[in-house]
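Biologist: Could you take me through how the helices pack and how the charged side chains pair in this model?

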Amino acid sequence: MAQRPSPQISSRKQPKQARANDLIAAVLDAAVQVLRTEGAARFTTARVAERAGVGVGSLYQYFPNKAAILFRLQSDEWRQTGELLNTILTDRARPPLERLRRLTHAFLRSECEEAEVRIALGDAAPLYRDAPEVEEIRAGSSQIIHDFIRETLPRAESPTVELVADLIEATLTQVGSAFSETPRSDEDIAR
């Protein structure tokens, strides 16, 4: 059976003017609103364009299809998570255990705040998960965790560092997802 090619998920062109940046911001904001109200199954470029108050043709100038919009939302979220990881785990003014604790709290808070959209993006993941761009973005966050473990366990052999880093990443991802399925207060998160 022939393998189906993954859809184009890269933006068609990069904005050069403030007006174009505003259009992209409006489209992405509208996309989040459509995801929250309609879910991934009813997510369409027409609904996004209508919610953004722009023509579908204008939307298509920057996003070739709905997979590209969804991937942009997901990649923006992954980049924000990577920045969070980097900021906390590279703060050498704090001991490693405190950094890991701060990361856990911040990650859980972030997962709870974005639960609706994250769940919808997870539902839409088959549209873009096999695209080459996905692995590149996700690898950055994994590397930050691996570097932190290497620093924390300087005498550990590489297979041990890999195992511990993979375990931390998998635990944060799975626990964050499960924890955020139920609405949580700041007190719940802190506890």
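Modeller: Helix α7 passes helix α8 in a right-handed crossing, a crossing being left-handed if the near helix is turned anticlockwise from the far one by less than a right angle, and right-handed if clockwise. This is a predicted model, in which local features need pLDDT of at least 70 and side-chain atom pairs count only at pLDDT 80 or more, while totals for chains, interfaces and linings use all residues. Residues are numbered from 1 along each chain as its sequence is written, and side-chain values use heavy atoms, with hydrogens and water left out.

Biologist: Which orientation do α7 and α8 have to each other?

Modeller: Helix α7 (residues 132–152) and helix α8 (residues 158–180) have axes 9 Å apart and an angle of about 125 degrees. Angles under 35 degrees count as roughly parallel, over 145 as roughly antiparallel, 65 to 115 as roughly perpendicular and the rest as oblique. The orientation of α7 and α8 is therefore oblique.

Biologist: Which orientation does α1 have to α6?

Modeller: The axes of helix α1 (residues 18–38) and helix α6 (residues 115–124) come within 9 Å and cross at roughly 85 degrees. That angle makes α1, relative to α6, roughly perpendicular.

Biologist: Is R94 buried or partly exposed, and which residue pairs with R94 at 2.6 Å?

Modeller: Buried means under 20% relative accessible area, exposed over 50%, and partly exposed in between (1.4 Å probe, protein chains only), so R94, at 30%, counts as partly exposed. A salt bridge is a side-chain nitrogen of Lys or Arg within 4 Å of a carboxyl oxygen of Asp or Glu, and R94 forms one with D91, the closest N and O atoms being 2.9 Å apart. The partner of R94 at 2.6 Å, N to O, is E98.

Biologist: Is R191, which meets D188 in a salt bridge, buried or exposed?

Modeller: The side chains of R191 and D188 come to 2.6 Å, N to O, in their salt bridge. While D188 is partly exposed at 26% relative accessibility, R191, at 72%, counts as exposed.

Methods:
Axes are lines fitted to C-alpha atoms, for helices over the stretch in contact, and angles run from 0 to 180 degrees between N-to-C directions. Helices (H or I, at least four residues) and strands (E, at least two) are DSSP runs, numbered from the N terminus.
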